[in-house]
Amino acid sequence: MLRYIVKRLISMVPLLLGITIVCFVVMHLAPGSPTDMETQMNPRASADYRERLNAMYDLDKPLYQQYLSWVGKIAVLDLGKSFSPDRRPVARKIIERLPITILINALSMLMIFAIAIPIGVLSAVHKDSLFDKITGVFVFVGFAIPTFWLALLLMILFGIDLGWLPISGIRSLNYDYLPPGMVFLDVVKHLILPVTLSAFGGLAGLSRYMRSNMLEVIRQDYIMTARAKGLSERKVIYKHALRNALLPVITILGLSVPGLIGGSVIFESIFAIPGMGQLFYMSVMARDYPVVMGILLIGAVLTLLGNLIADVSYALADPRIRVS
Amino acid sequence: MGTDFWKRFKKNKIALAGSCVVILLFVVSIFAPVIAPYDTNEINLKLVLAPPSASHLCGTDQLGRDVFSRMVWGSRISLKVGFVATGIAILIGAVLGAVAGYYGRWTDAVIMRFVDIMLCFPTFFLILAVIALLEPSIWNIMIIIGLTGWMGITRLVRADFTSLKERDFVLAARAIGASDLRIIFIHILPNAMASVLVAATLGVAGAILTESALSFLGIGVQPPTPSWGNILTAGKDNIDIAWWLSLYPGLAILITVLGYNLLGEGIRDSLDPRLK
């Protein structure tokens with residue numbers, strides 16, 4: 001097992017390098033200099049000042065040197081300083097905002113699994129039943145629905161017409177004056193809509209995947225054996241079949257990381273949640289190169305980690321993987 | 001793909017429903033000038049944020065412009081984005097997949113490693129980063145959605161090529177001295193087009209969704225050009241007073257994407273009934 005993990009870790013290295021190169025190339029393909037924001041709008045910015053500013057950010061050096069010094073810094077987790085007026089270290093800016101993004105994504109992941117797996121299993125076991133057909137339609141619509149639009153509709157319904165749920169931020173204005181029990185409730189109320197919506201996107205995919213897995217497993221010989229030896233249908237389905245059908249779902253866990261993280265940009269800007277997605281959006285608008293690069297990188301690394309965890313837990317659960 | 005395909009396609013309800021929606025969308029965008037009752041940029045300050053009525057089917061926006069007319073013209077944008085972006089993705093995906101699958105060895109290893117790297121990025125992050133650094137314009141959006149959406153197609157085409165290149169007709173072509181390029185593009189690629197067609201149809205839907213999300217965030221199609229996404233931005237700004245700005249454009253996106261997805265699904269079933 002250890003050998004397998006080490007092997008996987010080593011295979012991550014070239015990917016990681018590739019990721020840094022892509023990030024770097026992307027950021028430097030863009031026309032215009034990051035110092036434009038400070039110089040173009042400023043009539044007093046002389047050519048000399050502009051040069052000094054470029055030198056300050058190493059923008060006067062050749063690209064490969066800029067890349068090498070950037071990677072060298074990343075290796076010690078130094079992502080540079082933000083271009084925004086506060087000049088704070090990028091790493092700290094991101095780290096402050098990471099917990100809320102991870103919390104929302106983890107909760108919505110839980111929600112996806114809790115809902116999609118039973119739906120998938122039931123619609124496979126009762127194939128072609130009314131339930132299967134209804135969930136089939138639900139899945140089709142789920143794939144096509146723009147989630148940011150659904151967010152707007154739910155905001156109108158629950159936030160404005162019914163007034164049950166808050167529609168922006170993660171805490172109320174009077175948060176600091178609430179008694180301890182209410183504080184928790186307040187945060188929960190703020191998280192219901194964002195978590196539900198970010199889960200929605202993954203629901204359709206996973207339930208469909210679960211259904212086809214289950215259908216595949218039910219066809220296998222060992223299920224026939226289980227039936228032949230007279231096990232109850234319940235035991236056959238929920239003990240023998242379900243366990244095997246659940247195995248590949250572990251990989252989905254890893255594969256859905258980029259989608260969830262990418263989606264956080266949309267949700268966090270709709271619901272004004274101060275997470276990494278919102279920071280990314282604001283930095284993109286302000287052409288804050290170091291922050292954008294840092295988040296792009298962290299997003300990719302989180303994806304890579306998600307895949308690694310999925311692969312390793314798959315190998316733990318299924319010994320056949322380790323051998324091949 | 002032959003007569004069998006069409007026979008099955010015509011019998012497939014899903015495929016027909018999808019085709020109807022897609023054809024309807026084409027008709028709407030081609031005849032947009034005739035269908036739209038008002039000029040898309042005709043500002044009417046006496047009728048700001050008017051709810052839907054007989055004269056304004058989907059109400060008016062914050063400048064008194066007719067939402068229905070803007071949606072009709074917006075269908076052109078989504079059609080354009082969908083097809084151009086997918087076209088770019090297919091071009092890159094098919095060429096890279098063909099080369100990787102045909103030559104194998106290190107060529108394959110390098111290309112597929114690159115695919116793996118690209119797949120590590122949350123696509124939306126990558127698109128957002130590039131678009132905001134370039135000027136947000138409809139052409140930039142189409143190009144970037146295309147440039148970030150070819151990886152799946154590469155994998156599909158490569159898989160087809162690795163099995164097809166061992167077949168007799170390829171050996172025969174090689175025996176009569178056909179060049180690699182000829183074998184790849186004239187002999188093998190047409191045989192791999194079936195799976196690409198399905199992926200492309202679904203890709204159009206995906207590109208339309210992405211465009212609307214970008215325009216919604218204000219970094220896609222820029223106003224005053226109407227797009228479904230940027231009408232929704234106005235919907236969000238006026239969320240407490242004008243529900244119609246939020247409801248209708250999203251419905252248009254939903255129906256469009258649903259249409260392309262159904263069509264793709266229908267094509268898949270008709271190509272190979274066993275896959276169902």
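Modeller: Gladly. A nonpolar core is a set of buried Ala, Val, Leu, Ile, Met, Phe, Trp, Tyr and Cys residues joined through C-beta atoms within 7 Å. A residue is buried if 20 or more other C-beta atoms lie within 10 Å of its own, exposed if 12 or fewer, and partly exposed in between, with C-beta atoms placed from the backbone. The largest nonpolar core here has 142 residues. Those with the most contacts inside the core include F280(A), V292(A), L128(B) and A129(B). Helix α10 (residues 180-216) of chain B gives the largest share, 16 residues.

Biologist: What should I know about the model and its numbering?

Modeller: This is a predicted model, where local features need pLDDT of at least 70, side-chain atom pairs count only at pLDDT 80 or more, and totals for chains, interfaces and linings use all residues. Residues are numbered from 1 along each chain as its sequence is written, while chains are lettered from A and ligands numbered from 1 in the order in which they are written.

Biologist: Why is M214(A) called buried?

Modeller: M214(A) has 24 other C-beta atoms within 10 Å, so it is buried. M214(A) sits in helix α8 (residues 180-218) of chain A; a helix is a DSSP run of H or I with at least four residues, a strand a run of E with at least two, both numbered from the N terminus.

Biologist: Which residues does M214(A) touch, leaving out those up to four places away in sequence?

Modeller: Among them are G120(A), V121(A) and A241(A). Two residues are in contact if their C-beta atoms, placed from the backbone, lie within 7 Å.

Biologist: How many residues does each chain bring to the contact between chain A and chain B?

Modeller: Chain A brings 38 residues and chain B brings 35. By class, the chain A side has 31 nonpolar, six polar and one charged residues. Here Ala, Val, Leu, Ile, Met, Phe, Trp, Tyr, Cys and Pro count as nonpolar, Asp, Glu, Lys and Arg as charged, and the others, Gly among them, as polar.

Biologist: How confident is the predictor in chain B?

Modeller: pLDDT is the predictor's confidence in each residue, from 0 to 100. Chain B averages 85, and 97% of the residues score at least 70. For the complex, the predictor gives an ipTM of 0.83 and a pTM of 0.84.
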